[in-house]
Structures are given as C-alpha cells and as structure tokens.
Amino acid sequence: MDARTEQIAANLAAVRERIATACRNAGREPESVTLVAVTKTYPAEDVARLAELGVRDVGENRDQEAAPKAAAVPGVRWHFVGQLQRNKARSVAGYADVVHSVDSLRLVEALSDAAARAERDTPLGALVQVSLDDDEHRGGALTGQVEKVAEAITASPHLRLLGVMAVAPLDWTPDEAFGRLAAMSARIRQRFSGAHGEPDWISAGMSDDLESAILHGSTHVRVGSALLGKRTPLG
Ligand SMILES: *Cc1c(COP(=O)(O)O)cnc(C)c1O
C-alpha cells in the first residue's frame with residue numbers, strides 16, 4: 001500500500017466507525033446506511049484507491065470532472081450529487097446510476113430523454129433534492145414542488161424514483177434539517193410506493209453532520225473531506 005492509500009484506509013476506517021456508532025445510537029443496523037464517497041477535486045487514482053479498499057459507491061458534483069473519472073474507474077456505482085444543468089443530462093445518464101439532485105420538472109424531462117437515449121440496462125435512479133429552507137438559489141425543489149417532481153419521475157419509464165436528498169441549510173441545526181427531511185421522506189414513501197418498489201432512500205449527512213442524519217433515518221451519507229482531506233476553497 002502506498003502512503004496515500006494508507007491514509008485513505010485510516011480515514012475510511014474512522015468514517016465507518018462513526019457510521020457504526022451513529023447506527024448503534026439510533027438503534028439501526030450499520031448495513032442500513034450506505035457510504036457514498038464524494039471524490040470531487042480529487043484524482044481518479046483516489047477513486048481507484050477507495051474502490052480497492054471496498055468502497056462501492058462514489059459521488060461527484062460536476063459532470064466535467066465526473067465523466068472522465070467514471071471512464072477511468074469502472075466497477076463502482078456513480079452518484080451525481082451536484083446541481084445539474086439540463087445540457088449535461090445526456091452525459092450524466094451515460095455513466096451515473098443515481099442522480100441525487102433532481103429538483104425541477106424540466107430537469108426530469110431532460111433526464112428522462114437522456115436515459116432513454118443512453119439505452120441503459122436499468123432505469124436511471126433519481127432522488128428529489130429538497131430545498132428545506134425554500135431558498136431558490138442553492139439547488140433543491142421548493143418544499144411545495146417536491147411531490148410534483150416526484151410524480152414526474154414516476155411517470156417516466158426511464159427513471160426510477162428512489163427517494164429524497166437534502167443538504168442542511170447553513171443556519172439550521174442538522175437535527176432540524178434532517179427531521180424535516182424525514183417527514184418529507186415519509187410522505188413521498190406513502191404516496192409513491194408501488195409495483196416498482198418503495199422510494200425509501202434518504203440521502204443526507206456529510207462529513208460534519210452524518211451522525212444527526214443517521215439519527216433521522218439517512219440511508220445514504222455523502223462523505224468527502226473526512227475521507228480524502230479538506231478541499232481547497234476552489235473545490
Ligand atoms: C461536496 C459534497 C458532499 C461532501 O461534503 P463533505 O463535507 O466534504 O463531506 C456531500 N454532498 C454534496 C452535494 C456535495 O457537493
């Protein structure tokens with residue numbers, strides 16, 4: 001193992017331990033939480049190191065960066081977690097398994113068309129990103145639009161509604177944010193469970209707040225800096 005791999009292995013062990021402890025405190029099984037390693041700003045070599053260490057799920061937030069990494073590191077599931085321009089839908093549908101940041105009807109339409117043309121074996125997974133504080137600029141559907149976006153996803157044969165995602169607003173406590181998201185998730189599950197399954201994913205929790213997210217039912221934590229190190233401000 002090179003020095004970088006050893007460092008990532010130690011970070012990974014610490015993150016897995018945090019997840020296990022949070023699950024214990026929440027009375028949940030550790031297997032009920034999937035670690036999505038967010039590798040933005042770090043090179044494809046680090047993604048390969050994570051894969052070698054057993055990480056199966058990798059997240060990126062910009063298509064320009066994600067597309068070449070996905071081509072360089074096969075054998076992991078790619079999660080797109082950032083704000084997505086409609087003109088990038090084509091590219092993203094070519095490599096991503098799941099898009100966590102679906103926040104408008106127009107983006108649903110673009111992703112549905114893109115997934116159809118990509119001739120995928122399986123539908124493209126989609127989570128509705130929720131703007132918990134109804135801030136229109138930071139990404140996420142306004143809370144009043146979430147069910148409409150979810151409904152549009154279920155109407156597409158090329159997409160599969162998996163659940164909801166959010167980033168805790170800066171000026172909220174994580175408990176407040178993730179508690180609201182859990183309530184939103186319950187509504188979405190109740191309304192949209194059916195023949196194609198239950199949209200029971202809750203994508204919530206990052207390096208600094210994963211414990212609170214797990215306490216409130218997160219099924220997918222998106223962790224970057226705790227695994228790979230602090231990013232430079234540009235990232
Ligand atoms: C960067 C990013 C993360 C990871 O954040 P860390 O604080 O580095 O763990 C999670 N989710 C999204 C949407 C991100 O852009």
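Trainee: At what angle do helix α1 and helix α2 pack, and is α1 parallel or oblique to α2?

Mentor: In this predicted model, helix α1 spans residues 3-26 and helix α2 spans residues 44-52. Their axes are 10 Å apart and the packing angle is about 55°. That angle makes α1, relative to α2, oblique.

Trainee: Which residues of α2 meet α1?

Mentor: Where α1 passes α2, the crossing is right-handed. On the α1 side, the residues are R4, T5 and I8. By class, the contact has 2 nonpolar, 1 polar and 4 charged residues. The partners in α2 are D46, R49, L50 and E52.

Trainee: How far apart are the axes of helix α6 and helix α7?

Mentor: Two packed helices are described by the angle between their axes and the distance between the axes. For α6 (residues 146-155) and α7 (residues 174-192), the angle is about 40°. That makes α6 oblique to α7. The distance between these axes is 11 Å.

Trainee: How many charged residues does the contact of α6 with α7 have?

Mentor: The crossing of α6 and α7 is right-handed. From α6, the contact uses V146, E147, A150, E151 and T154, and from α7 it uses M184, R187, I188, R191 and F192. Sorted by class, there are 5 nonpolar residues and 1 polar residue, and the number of charged residues is 4.

Trainee: Which residue has a polar side-chain atom 2.9 Å from a nitrogen atom of the ligand?

Mentor: The residues around the ligand include V38, K40, R222, S225 and R231. In K40, a side-chain N or O atom is 2.7 Å from a ligand oxygen atom. The polar side-chain atom 2.9 Å from a ligand nitrogen atom belongs to R222.

Conventions
Residues numbered from 1 in each chain as written. Predicted model: local features only at pLDDT ≥ 70, side-chain atom pairs only at ≥ 80, totals over all residues. Heavy atoms only, no water. Axes fitted to C-alpha atoms, helices over the stretch in contact; angles between N-to-C directions. Helix = DSSP H or I, 4+ residues; strand = E, 2+ residues; numbered from the N terminus. Parallel < 35°, antiparallel > 145°, perpendicular 65-115°, else oblique. Left-handed = near helix turned anticlockwise from the far one by under 90°. Contact = heavy atoms within 4.5 Å. Nonpolar A, V, L, I, M, F, W, Y, C, P; charged D, E, K, R; others polar. Near = heavy atom within 4 Å. Polar contact = N/O pair within 3.5 Å; in protein donor to acceptor, adjacent residues only side chain to side chain.
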